Amino acid sequence: MTRADVCVVACADAWRGDGAVLASPTGLIPRLGARLAQLTFAPGLLLTDGEATLLRDDEAEGWLPYRAVFAVVAAGTRHVMMGASQIDRFGNQNISCIGDWSRPKRQLLGVRGAPGNTVNHATSYWVPRHAPRVFVPEVDMVSGVGHDRGAIEIRVVVTNLAVLDFATPDRSMRLRSVHPGVSVAEVQAATGFPLTIPSDVPSTRRPTAEELELIGERLDPEGLREKEIR
Amino acid sequence: MTAGDVVGELRDGMTIGIGGWGSRRKPMALVRAICRAGLRDLTVVTYGGPDVGLLIAYGCVRRVVTGFVSLDSIALEPHFCRARQEGAIELTEYDEGMLYWGLLAAANRLPFLPIRAGLGSDVMRVNPSLRTIRSPYADDTELVAMPALTLDAALVHLNRADPSGNARYLGPDPYFDDLFCLAAKRRYVSCERLVSTAELMDSGPPQGLLLNRMMVDGVVETPRGAHFTSCVPDYDRDESFQREYATAGWDQFRSAYLDGDEESYQKAVAAR
């Protein structure tokens, strides 16, 4: 079992209990997680090939061009896991640019669908390198909105170190679990704002033997997932 | 028409919508023709890819209206990023769904359409002219009033078209090419193959006929005209060429491929 395997399973668990909704992962480890969830405990999930074809167990089962994706967004029957160049304690996320928007230090992708996603349906985040420059007191350009700005639900933030959620009275970020081998102090040191830390922080669930076999032999036999968190 | 004829109908300062999505089915031959003609001060409305990058590299762009600019397999568009960091272009940044809604409003001759996307986000801060509206019904919901994105011209690339402007896509996604045409005053379609109407009807199911001649003012046959973006099933994205575009020095790339006409571009690409 590697750290990447733990991350895949933590991502998969984000979609647990979602039923027949469109799972939209960004990044390899979230994609492996969504496929693993669909193959095991969340068979109702819908997944695309990244373009317009819906896949179930790697076989085509339907058609969902972008215009239909926007209808799913508006209907709220979707749970996206996006990346975050910056994220704050209420889950406001930035993928647009770093620095002053009018003339950024670094131009990134743009807000993409993040504003619409976060006010319409469940959203989670995947951060492959948990660091203070990502977990910031204030993001430079609010792309996905957080709980203090009207988000429907920021479910979890999965990182290479831990799983975070928003199960606090003001729906600010809380440490839910640390991955095996990671200390609570390590997570706080890598986070640029104070986290709510319960007195007893559990360890992130370890993958089952069946999950490890699916990940290693079927979903990612080449082990590309290891590169995403290096 | 030829690509040159299309560009001859465009003017400096126009607002031009470009179909496709990211680095997929972009009317690149028409974009290259605009670059060669040296149009200036364009406002480009697009789900942005290398169309934006090339037009910026040639100094044609004053403003980009978009939700993202990306090469898909390469996350960031180098010319767009550089221009933003140098303050060389203006940007109107919307959520992707807002862009769709703005085209839909223009296509339906509505001044705006309400949408949830944008609420609470910095899209409202960087677009101070955006307004919200309250539902006049009992729910009283606050929504963004996304203004119509009316275009002077639309450029789209489809797999097959007939000489009148009926056209179909053969790949998996229509993107928003029909809406770009419906939102524009002048509409130009480039196609992989110009065929007879009968052959167009026979080349796929009726649902793939995205454009009819009421939505189109000019048709140009531009084989491999979406290169280096994808135009499936005719061809995939040219990943190695896209890498060269993204990593080679601009002067070197330009003189190797772009200084001549479209025919010499296609020859230089084929000779690599």
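This is a predicted model: local features need pLDDT of at least 70, side-chain atom pairs count only at pLDDT 80 or more; totals for chains, interfaces and linings use all residues.
A residue counts as buried if 20 or more other C-beta atoms lie within 10 Å of its own, as exposed if 12 or fewer do, and as partly exposed in between.

You'll find L110(B) in the loop between α5 and β5 (112-115) of chain B. If you set aside the neighbours within four places in sequence, L110(B) has contacts with A105(B) and A148(B).

Now slide over to helix α3 of chain B, residues 50-57. Here 8 of the 8 residues are buried, so the helix is largely enclosed by the rest of the structure. Running along α3(B), the buried residues are P50(B), D51(B), V52(B), G53(B), L54(B), L55(B), I56(B) and A57(B). After α3(B) comes G59(B), which has a positive phi, near 75°.

What does α3(B) pack against? One partner is α2(B), residues 28-37, with an angle of about 10° between the two helices and their axes 9 Å apart. Angles under 35 degrees count as roughly parallel, and that is why α2(B) is described as roughly parallel to α3(B). On the α2(B) side, the contact is made by M28(B), V31(B), R32(B), I34(B) and C35(B), and these meet D51(B), L54(B) and L55(B) of α3(B). Sorted by class, that contact holds 6 nonpolar residues, no polar ones and 2 charged ones.

Chain A has a helix pair of its own to look at. Helix α1 (residues 3-14) of chain A packs on helix α2 (residues 28-39) of chain A at about 60°, with 7 Å between the axes. α1(A) and α2(A) are therefore oblique to each other. The crossing of α1(A) past α2(A) is right-handed. From α1(A), the residues involved are A4(A), C7(A), V8(A), C11(A) and A12(A); they meet I29(A), P30(A), L32(A), G33(A), A34(A), L36(A) and A37(A) of α2(A). By class, this contact has 11 nonpolar residues, 1 polar and no charged ones.

Step back and take in chain A as a whole. The chain has 7 helices and 13 strands, and its C-alpha atoms fill a box of roughly 45 × 40 × 35 Å along the principal axes. A compact globule of 230 residues would have a radius of gyration near 17 Å, and chain A agrees, with 17 Å. Of those 230 residues, 51% count as buried. Among contacts with a separation of 6 or more in chain A, 66% link residues 24 or more positions apart.

Finally, how do the two chains meet? On one side 32 residues of chain B are in contact with 30 residues of chain A on the other. The chain B elements that give two or more residues to this side are α4 (78-86), α5 (96-107) and α6 (123-126). Of the elements, α4(B) gives the most, with 4 residues. The side of chain B that touches chain A comprises 16 nonpolar, 9 polar and 7 charged residues.

Key. Residues are numbered from 1 along each chain as its sequence is written. Chains are lettered from A and ligands numbered from 1 in the order in which they are written. Axes are lines fitted to C-alpha atoms, for helices over the stretch in contact, and angles run from 0 to 180 degrees between N-to-C directions. Angles under 35 degrees count as roughly parallel, over 145 as roughly antiparallel, 65 to 115 as roughly perpendicular and the rest as oblique. A crossing is left-handed if the near helix is turned anticlockwise from the far one by less than a right angle, and right-handed if clockwise. Two residues are in contact if their C-beta atoms, placed from the backbone, lie within 7 Å. Ala, Val, Leu, Ile, Met, Phe, Trp, Tyr, Cys and Pro count as nonpolar, Asp, Glu, Lys and Arg as charged, and the others, Gly among them, as polar. The radius of gyration is taken over C-alpha atoms; the globule rule is 2.2 Å times the number of residues to the power 0.38.
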